[in-house]
Amino acid sequence: MNMKLKNWHTNLIALTISLIISIAATEVILRFVSPHEAYFCSIPNVELERKNKFHKFFNIDSSYHYSVNELGYRSPSLFSKDRFGILAVGGSTTDCIGLADSETWPWILEEQLNASLEKQFTVGNIGVPAFNSFHHILQVERIVPQFENIKMVVMLVGINDFSRFLHLPEKELVPERKELLHQTFVRHPRKVNERWHERSELWAHIRDAVNHIRIIYEVDNKSFDLHSKVAEYETAAKVESLPNLDYGIGIMMNNVLKINQYCSNNNLQLVVITQPVLWRKNMNEEEIKISSYGKSIKNGQTYSDEAMAKGMNSFNKTLIEVANQNDFYVIDLAENFPKTGEVFFDHCHYNKTGSKLVSEIVFDELKDILENNRN
């Protein structure tokens, strides 16, 4: 009995030592082969066919090709010293959720610029669904220095800042910066972590793998009953007036000004784009159905379509005023974009026709900006 117990202890000690040596060896190898030193990435390196589970409800394709290169952006080309770099920043309306790579407006915009102007361009799309202006500050500050010859930041912003102001209590509107950093980047240098084990290379790689799986799972498997959502919206009481938006608008504008200051300090041109939405007064039955997806319903109440349209317009109008007052460029996409189901597949996301129209409007404005600011 004593001999068996002694052997068990010896085996456990040997196993523990072997495990420690293996972990240490793995850590050393990873630090040489694939170190997390100074690289920030908001979206992972992926290439896959994604399913649009709600394609019948929203009248979009049942599947689409989605890819992000190993550097963390969607584009047919790479940032390089011989290409004029434009960083496309935003949420899902920049990412163009539900559309194939070549159907997204930043991708089409790059093709238009390269076909029409003398220099070559790369438009790197780092749009991420649900990201707001707080995330965009970190993206611009951390991602721009990683790439060569980025000259311009084009930012489509507003819908997520507007929505979170309506849905979150005031005390939660300004996120804690450490948590925000982890939300913004699926991959980041391990040195930004505080706990000793999170500063290891092994932990960083495990985190990469978990984030990679999580992001793919959330997009491909997240589901809910849209028909029930519509039925709930139809019976909900419609509130015609929004709360005072000044605080939420002020937060977003302060964040935009921080981005503009960074761009000014680093010889970058900032171009902001206003956010178009489908919401309006007197929408038809189909438009009401697809746009109800973008509203929250609490205690049997929700805001009316006209109220939501006015709220988004307030954010857009103030963005234009702030841009004009601070001498950075603004493209009023919302003013020039039709409010119809022919270009939207829900309350704010574009179908193929809409995405192409976005690129055309943005291209016309950018062409003038670029030609008027030749070096």
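Student: What should I know before reading any values?
Tutor: This is a predicted model, in which local features need pLDDT of at least 70 and side-chain atom pairs count only at pLDDT 80 or more, while totals for chains, interfaces and linings use all residues. Residues are numbered from 1 along each chain as its sequence is written, and side-chain values use heavy atoms, with hydrogens and water left out.

Student: How many helices and strands does the chain have, and what makes a run count as one?
Tutor: The chain has 14 helices and nine strands. Both are DSSP runs numbered from the N terminus: a helix is a run of H or I of at least four residues, a strand a run of E of at least two.

Student: Why is Val 89 called buried?
Tutor: Buried means under 20% relative accessible area, exposed over 50%, and partly exposed in between, with a 1.4 Å probe and protein chains only. Val 89 has 0% relative accessibility, so Val 89 counts as buried. Val 89 lies in strand E3. Across the chain, buried residues make up 50% of the 375 residues.

Student: What is Val 89 in contact with, and what does contact mean?
Tutor: Contact means heavy atoms within 4.5 Å. Leaving aside neighbours within four places in sequence, the contacts of Val 89 include Ile 126, His 136, Val 140 and Leu 156. Val 89 and Ser 133 are 44 residues apart in sequence, yet 9.6 Å apart in space, C-alpha to C-alpha.

Student: Is Lys 51 buried or exposed, and how do you know?
Tutor: Lys 51 has a relative accessible area of 61%, so Lys 51 is exposed. This residue lies in strand E1 (residues 46-51). From Lys 51 to Tyr 66 there are 15 residues in sequence and 10.0 Å in space, C-alpha to C-alpha.

Student: Which strands form the open sheet, and what makes two strands a pair?
Tutor: Two strands pair if DSSP finds at least two bridges between them. The sheet has five strands in the order E4-E3-E5-E7-E9, with parallel pairing.

Student: Why are E4 and E9 called edge strands?
Tutor: Strand E4 (121-125) and strand E9 (329-331) each pair on one side only. The twist averages 20° from one strand to the next.

Student: What makes E7 mostly covered?
Tutor: Four of the five residues of E7 are buried. Helix H14 (residues 352-372) lies across E3, E4, E5, strand E7 (269-273) and E9, running at about 155° to E9.

Student: Where does H5 lie, and how do you know that H5 is mostly covered?
Tutor: Helix H5 (residues 133-143) lies across E3 and E5, at about 155° to E3. Nine of its eleven residues are buried, among them Phe 134, Ile 137 and Leu 138. The buried residues of H5 pack against E3, E5, H6, helix H7 (177-184) and helix H10 (246-265).

Student: Why is H5 called roughly perpendicular to H7?
Tutor: Axes are lines fitted to C-alpha atoms, for helices over the stretch in contact, and angles run from 0 to 180 degrees between N-to-C directions. Angles under 35 degrees count as roughly parallel, over 145 as roughly antiparallel, 65 to 115 as roughly perpendicular, and the rest as oblique. The axes of H5 and H7 come within 10 Å and cross at roughly 70°. That makes H5 roughly perpendicular to H7.

Student: Why are H6 and H12 called oblique to each other?
Tutor: Helix H6 (residues 159-167) and helix H12 (residues 305-325) pack at about 120°, with their axes 10 Å apart. H6 and H12 are therefore oblique to each other. The contact is made by Ile 159, Asp 161, Phe 162 and Leu 166 of H6 and Met 308, Gly 311, Met 312 and Phe 315 of H12.
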